[in-house]
Each structure stands twice: as C-alpha cells, then as structure tokens.
Amino acid sequence: MSKLAKSFFLLVCLNIFAPTAWSQVWPGDVNNNGEVNALDWVMVHNALGLFGPPREVVEQGISWEEKILEPWGITFPGTTIDMAFADCNGDGVVNFEDTHGIHENYLQTHGLVINDQVSSGEAEVDPPLFFDENTFNPFPEGFTLFSALYLGTEEIPVSSFNGISFDIVFNPDYVLAIDFLGSSGQSSGWDNFFLEFFQPNFIEDNRISVAISTFGQETIINGSGMIGSVFIVIEDDVLGMEIQEVETLVSIENVILTGDDFSSPSPVVNDSLSITIVSNPLSNDDILPSSNLEVFPNPINDWVQIKSIVNIERVEMYNTIGQMVYQKKIEQPTLNTTIDLPHIDKGTYLLKVFSEKGFSTKKIVIH
Ligand SMILES: [Ca+2]
Ligand SMILES: [Ca+2]
C-alpha cells in the first residue's frame, strides 16, 4: 500500500472504530480542570440520579489513572462538560458512591491544572459569606470556640444556589484544628423547606475545604441564613513569658458559589475572623509543650503510637466539638505506648496525653 493509501486506510479505521466523541476522564476530576477538589464534589451532587452508558468494565473504578468514557450527551448547566464525568466509578449511574472518587483522589492532579474560577464580590452589593459578628474575643489558650457561618443577608440574599465550596484557612502555629458542621435547611433560615445540605470537610495542614450542596439538578434554591458552624481549637502552648497575647486570623478563601450556570461562579464577599489568644490562668501550669510528644503515624487507621519524654499516665481523645470519644489509663506509666482505636469515625480528633508533668494535646486525623 502506498503511504497515502495507508494514511487514508488508517483515517477510515479511526473513524469507524474509535468514535472521536470518546473522552478521557480521571476519576474524581469532574470538571476536568486537572485537579480533584471540593468543586468536583459539588458537581457530583448536581448530577445525582443521572444515568447513561457505563464505562467498559476495564475502564471502571476510581483508581487514579486515565479512563475512557462514552459521553452521555447531557452537560452541566452553562458548560460543555459531559455529566458522565460525575460518574466517578463508571458504573453508569451517578450516586453517593461516586463521591468516594473525590475523597480517595482529593488534590490529585493530572496534566496542566487550570485553576477553577473563584467567586469574588463587591461589599454591600453581592451576598457575603461571613462569621457571626457576635463572636466575642479574647479566647484562652487550649479553648475551643465556635462561630456560626452565614451566607447572604435578608437585604442581599443569594438568588441562585446549587452548591458552594470554600476553604477555611488558619495558622497552624496558633490553631490546632478546625472543623465545620453544616446546618440543615429547616433550621438555617433558608427559604426552601426541603433544602438539604450535604457536606464533607477535606483537611490539610493549614486549611479545611468545605463543600455544601443541594440534592440533584432540580434543587436550585435561593435565600439567606446560617449554613453551619465553624469549630476552632486554639493551641494550648502559643504564649510565653514575653508574649502575653497574640492575634490570629481565620479566613475564608477560594469561594466557589454555583447556581444555575456552572460556567462562572456567582459573586460572593469573603470574610475573616480575628481571634485574640490570651493565656489560660486555669491550666497554664499543667501544660507540657507539645514538642515533648511524638504521635505517629498521622493520619492513622486504627492504632496510634505515642512517645513522650515524661511518663504517660492517661490518654483522652476528643472530637473537635469537645466530646470525649476515648479514654485510657496507663496502668504502668511509660514513655512509649500504643493505643488501639477501632470503631472510631473518620475525622479530626484531639489527643490529650497526660503525664507526671502535665498534659499536651496533639491533633490526629483518622482515615
Ligand atoms: Ca476538578
Ligand atoms: Ca457511579
């Protein structure tokens, strides 16, 4: 066959056997921008309940590699992104199982990452995302405070809400842990009685990413009110003889508010919370610098090892809203102990280790 005929033959074959409509997908990167993040989680929720051709058996699953899919011919509102991308595991239906693709591959990247467009807004014109103005300062070291988080006001409500994702950023030198607890629609003051919020927290060293979404495509809502509470656990040994008081900022960043058009996020005005930390007269003497303590591995699965330079006598574990979920007395105080933590839900916890010389707190994450 001549070179020309060969090329022609190849071209015909390609057209017949490899329809150009087929796309590559990385499981979890729903908007195909190169990174798996909280916005992808919102997009899975927008597509909940949709179905179409499943991926070939060998192309199914959420392992982090390129998979081939057949488009479903229906796209996210305002975009050319096919909704088959929301079927992270490729079984032909979008349901809650597909969110595993986001959790497992969170922050994985492929190729060139095109940063998602974020919401920005103009004060007094666009709806704000803001902390409760009644969060009074100061707070003592080791204290857990919480502040409600609101989206929109009665004067400037959100006119079209399908989902929102944002980061809560903090300084890990002063803040041990942050958690977010979503409010359901009925208690939050949003107009829609049937509003349902789904919300995961994705955790990194200096930030958590929060995603909140309504259920499926038909639930574009509007309104204003509380969307949840932010729990902030202050480090217990940030101050010294010289420093009596310190100020730290907890800020909201990377807000992406999606309404009925996924091509551009709706405007939102960000907020931050200034926290003044003062010494805690009640417990300061009892606190052991956390540098005397080593906790590993972290994140953990179902056990954790604790090494200290003074004998460990007792271990307590709290969730970020201050409830004790585990405690153990060490019969023979030791410098090195392993504790088993089966049956404890995934999430962020505070491990309080008591020794002869006082106690120390470490943040641990259970995967
Ligand atoms: Ca993405
Ligand atoms: Ca699926």
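Reader: Strand β18, residues 347-355: how many of its residues are buried?
Author: In this predicted model, 7 of the 9 residues of β18 are buried, so the strand is largely enclosed by the rest of the structure. A residue is called buried if 20 or more other C-beta atoms lie within 10 Å of its own, exposed if 12 or fewer, and partly exposed in between, with C-beta atoms placed from the backbone. Strands (E, at least two residues) and helices (H or I, at least four) are DSSP runs, numbered from the N terminus.

Reader: What holds strands together in general?
Author: Strands of a sheet pair through backbone hydrogen bonds, either parallel or antiparallel.

Reader: New topic. What is the strand order in the open sheet of 4?
Author: The order is β3-β5-β12-β8, with antiparallel pairing. β3 (129-131) and β8 (175-182) are the edge strands, each pairing on one side only. From one strand to the next, the twist averages 25 degrees. Axes here are lines fitted to C-alpha atoms, for helices over the stretch in contact, and angles run from 0 to 180 degrees between N-to-C directions.

Reader: How many bridges link β5 and β12?
Author: 8, between β5 (residues 144-151) and β12 (residues 225-234), antiparallel. S147 is bridged to V230 in β12.

Reader: And the open sheet of 6 strands: what's its order?
Author: β4-β14-β13-β7-β10-β9, with mixed pairing. Its edge strands are β4 (139-140) and β9 (201-203), and each pairs on one side only. Within the sheet, β13 (residues 245-258) and β14 (residues 272-278) pair antiparallel over 7 bridges. V246 has I277 of β14 as its partner.

Reader: Which helix lies across β7, β9, β10 and β13?
Author: Helix α2, residues 38-46, running at about 15 degrees to β10.

Reader: Is α2 buried or exposed?
Author: 9 of its 9 residues are buried, so α2 is largely enclosed by the rest of the structure. Among them are W41 and M43. The buried residues of α2 pack against α3 (99-104), β7, β9, β10 and β13. Contact means that two residues have C-beta atoms, placed from the backbone, within 7 Å.

Reader: Which residues touch the most other members of the largest nonpolar core?
Author: V44 and I168, in a core of 71 residues. The largest share of this core, 6 residues, comes from α2. Such a core is a set of buried Ala, Val, Leu, Ile, Met, Phe, Trp, Tyr and Cys residues joined through C-beta atoms within 7 Å. Leaving out residues up to four places away in sequence, V44 touches V30, A86, C88, V94, D98, T99 and I102.

Reader: Where does F170 sit?
Author: F170 is in the loop between β7 and β8. It is buried, with 24 other C-beta atoms within 10 Å. F170 and N206 are 36 residues apart along the chain, yet 5.4 Å separates their C-alpha atoms.

Reader: Last one. What is the chain's mean pLDDT?
Author: It is 86, and 87% of the residues reach 70 or more. Over residues 8-19 the pLDDT is below 50, and beyond near neighbours in sequence that stretch has 1 contact in the model. pLDDT is the predictor's confidence in each residue, from 0 to 100.

Notes
Residues are numbered from 1 along each chain as its sequence is written. Chains are lettered from A and ligands numbered from 1 in the order in which they are written. This is a predicted model: local features need pLDDT of at least 70, side-chain atom pairs count only at pLDDT 80 or more; totals for chains, interfaces and linings use all residues. Two strands pair if DSSP finds at least two bridges between them.
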